[in-house]
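This briefing covers the pockets and the nonpolar cores of one protein model. Please look over the sequence and structure before reading on.

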Amino acid sequence: MLRYLESGSGTPVVLIHGNFACKEWWREVLQDPPEGARLLAPDLPGFGESPAPEDFVPSIPTYAQALRDFLREKGIDDAILVGHSLGGAVAMEAAGPTTLGLVLLNSAPPSGLQTPEAYYPILESYRHNLEGLAQALAAMAPTRRPPWFLELVERAQRMHPAHFQGNARALAAWRLEQPYRGPVLVVYGALDPLVTRAMAEATAAFFPRGRLLVLEGVGHSANLENPGMLKDVLETFLKEVQGEVQGGG
């Protein structure tokens, strides 16, 4: 089973981290969960404390299957999936008929995310360059980083060796075949240097019930930069979904 953190009670809300990340990126959200939410934040295979085989090959479908297996092991049928960055792709891929809703936080778009070939050696170098990795991750949270940010950097450097280049290649190779048909909220931090607003708009347009919420003054990682704002966003979305469920919608 995937290692995970949990807090709160109510409707299951699964928090899926991105590349170079882990469940600890949701720590402040978990410390003050939205009302009516049972938050679960797993480490995907090879990240944080979740193991992966030595010959593991990263792919979005593999991560999605691991997430589905995790939910089945926890006895969870209906859940809201919240995905950040690469985790957004995992959430889209994992969503099924019983998924209550998706929240995609500065997510890779359904068409995948291309990384220039010249950048792959830099990604690989982060295995041994802690300072370079810290600078790269700091750019993903430009407006605020928590006091334990160095811990997150060190955890990132300990991820599976295949992840340093493999996750970027997994995102480049991935395409979402069928859109999830339930409610989808695309949350976009406007100061993101990686995911463009056009990508966020395309993501929202891809889903029949997708809509875009732009957060001004926030970068790629609202879960680190403004967890209080993210709590409010999740609480509002949760109430909308609960209203649909109670109304039979």
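Helices here are DSSP runs of H or I with at least four residues, numbered from the N terminus. By that numbering, H5 gives the most to the lining of the largest pocket, with four residues. The model is predicted.

**Largest pocket**
- The volume of the largest pocket is about 520 Å³.
- Its lining is made up of 25 residues, and Asn-19, Phe-20, Leu-123, Met-140 and Leu-194 lie nearest the centre.
- Two or more lining residues come from each of helix H5 (130-139) and helix H7 (163-173).
- The lining holds 17 nonpolar and eight polar residues, with no charged residues.

**Second largest pocket**
- The second largest pocket has a volume of about 200 Å³.
- Of the 14 residues that line the second largest pocket, Arg-68, Leu-71, Ile-76, Asp-77 and Thr-98 lie nearest its centre.
- Helix H2 (residues 60-73) gives the most to this lining, with three residues.
- Sorted by class, the lining of the second largest pocket has four charged, three polar and seven nonpolar residues.

- In soluble globular proteins, nonpolar side chains tend to be buried together.
- The largest nonpolar core has 61 residues, and Phe-20, Leu-81, Val-90 and Leu-102 touch the most other members.
- H2 gives the most to this core, with seven residues.
- Leaving out residues up to four places away in sequence, Phe-20 touches Trp-25, Phe-47, Leu-123, Tyr-126, Leu-133, Leu-137, Ala-156, Met-159 and Phe-164.
- A second, separate core has 24 residues, including Leu-15, Leu-39, Ala-41 and Ile-80.

Key: Residues numbered from 1 in each chain as written. Predicted model: local features only at pLDDT ≥ 70, side-chain atom pairs only at ≥ 80, totals over all residues. Heavy atoms only, no water. 1 Å grid on protein atoms, 1.4 Å probe; cavity = no way out; pocket = protein on both sides within 12 Å on 5 of 7 lines; lining within 4 Å. Points joined across faces, edges and corners; volume = space filled by probe spheres on them. Nonpolar A, V, L, I, M, F, W, Y, C, P; charged D, E, K, R; others polar. Core = buried A, V, L, I, M, F, W, Y, C linked by side-chain atoms within 4.5 Å. Buried < 20%, exposed > 50% of the residue type's maximum accessible area, 1.4 Å probe, protein only. Contact = heavy atoms within 4.5 Å.
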